[in-house]
Amino acid sequence: MARLVVITGPSGVGKGTLKRGLLSELSLPESISATTRLPRQGETDGTEYHFLTRVEFEQRRDSDDFLESAEYAGNLYGTLRSEVEARSDGAKAVVLEIETRGAEQIRDRDPDAILIFIAPPNSAELRKRLEGRGTDDPEQIAVRLAEAERELTLRDEFDTVIVNDDVARATAELVTQVRSRLD
Ligand code: ADP
Ligand code: 5GP
């Protein structure tokens, strides 16, 4: 299996935005996660996520199909072993974008994993980004901001913290960090 690059941090901080820059800059593959969350408008099965029912997810978890999995904001999310294995061939690393409970599982099980925490400049900016993204209703935003309070206390558990103040600057820092750790 290729090495794992784990991008973690609170929802809305810009993990997906920075990940896209990293993938294109270093030509790395990403693992498509599984979730029980319903697809958002424009999301399709197998592209953003493998969308599973809770029963399907739990069956696959019982069969040990996941490298890590966690409950987050009322839904299950997990990294399928089969995804990482399929994308490992010829790749220097496979990139995972996951919340902090899953990242802690990878950290505890895989000493070679590269763990990067993306932090917001401040909590007000995080709220602004979640609201501005327009994908979550006010109740879901409140749940995610409550999760963020907990997740932000964990930042020092990971190898590197990158503050996503500016997309271009933070992407460049992420690329430099990952490149130096993969060399
Ligand atoms: P996550 O994947 O962590 O949930 P996203 O990548 O979806 O976060 O980003 C959440 C929102 O914030 C998006 O609308 C994105 O365009 C915006 N965003 C990301 N990074 C920045 C930044 N540095 N400054 C301002 N807005 C940003
Ligand atoms: P969203 O519902 O906004 O797509 O994702 C919610 C949170 O789940 C985000 O922080 C996202 O990074 C995280 N997530 C996505 N896929 C996985 C996964 O496979 N495992 C874990 N533990 N978290 C994931």
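**Exercise 1. Which pocket does ligand 1 sit in?**

Before you start: this is a predicted model, in which local features need pLDDT of at least 70, side-chain atom pairs count only at pLDDT 80 or more, and totals for chains, interfaces and linings use all residues. Residues are numbered from 1 along each chain as its sequence is written, chains are lettered from A and ligands numbered from 1 in the order in which they are written, and side-chain values use heavy atoms, with hydrogens and water left out.

*Solution.* Step one: a pocket, on a 1 Å grid over the protein atoms alone, is an open set of points where a 1.4 Å probe fits, with protein on both sides within 12 Å along at least five of seven lines. Step two: a molecule sits in a pocket if more than half of its atoms lie within 2 Å of its grid points. Ligand 1 sits in the largest pocket.

**Exercise 2. Describe the surroundings of ligand 1.**

*Solution.* Start with the residues near the ligand (a heavy atom within 4 Å). There are 15 around ligand 1, and Gly 12, Lys 15, Gly 16, Thr 17 and Arg 133 are the closest. Sorted by class, this shell holds three nonpolar, six polar (Gly counts here) and six charged residues.

Next, look for polar contacts (N or O pairs within 3.5 Å). A backbone N or O atom of Gly 16 is 2.9 Å from an oxygen atom of ligand 1, and one of Val 13 is 3.3 Å from an oxygen atom of ligand 1. From Asn 164, a polar side-chain atom lies 2.9 Å from a nitrogen atom of the ligand. Finally, the protein buries 74% of the 560 Å² that ligand 1 exposes when taken alone (Shrake-Rupley method, 1.4 Å probe).

**Exercise 3. Find what lies around ligand 2.**

*Solution.* By class they divide into five nonpolar, four polar and seven charged.

Second, check distances to oxygen atoms of ligand 2. An N or O atom in the side chain of Tyr 77 is 2.6 Å away from one, a backbone N or O atom of Gly 78 is 3.0 Å from one, and a polar side-chain atom of Glu 97 is 3.3 Å from one. Third, consider cover: on its own ligand 2 has 510 Å² of accessible area, and the protein covers 96% of it.

**Exercise 4. Which strands give two or more residues to the shell around ligand 2?**

*Solution.* Strands are DSSP runs (E, at least two residues), numbered from the N terminus. The answer is E4 (66-72) and E5 (75-80).

Key:
Polar contact = N/O pair within 3.5 Å; in protein donor to acceptor, adjacent residues only side chain to side chain. Helix = DSSP H or I, 4+ residues; strand = E, 2+ residues; numbered from the N terminus. 1 Å grid on protein atoms, 1.4 Å probe; cavity = no way out; pocket = protein on both sides within 12 Å on 5 of 7 lines; lining within 4 Å.
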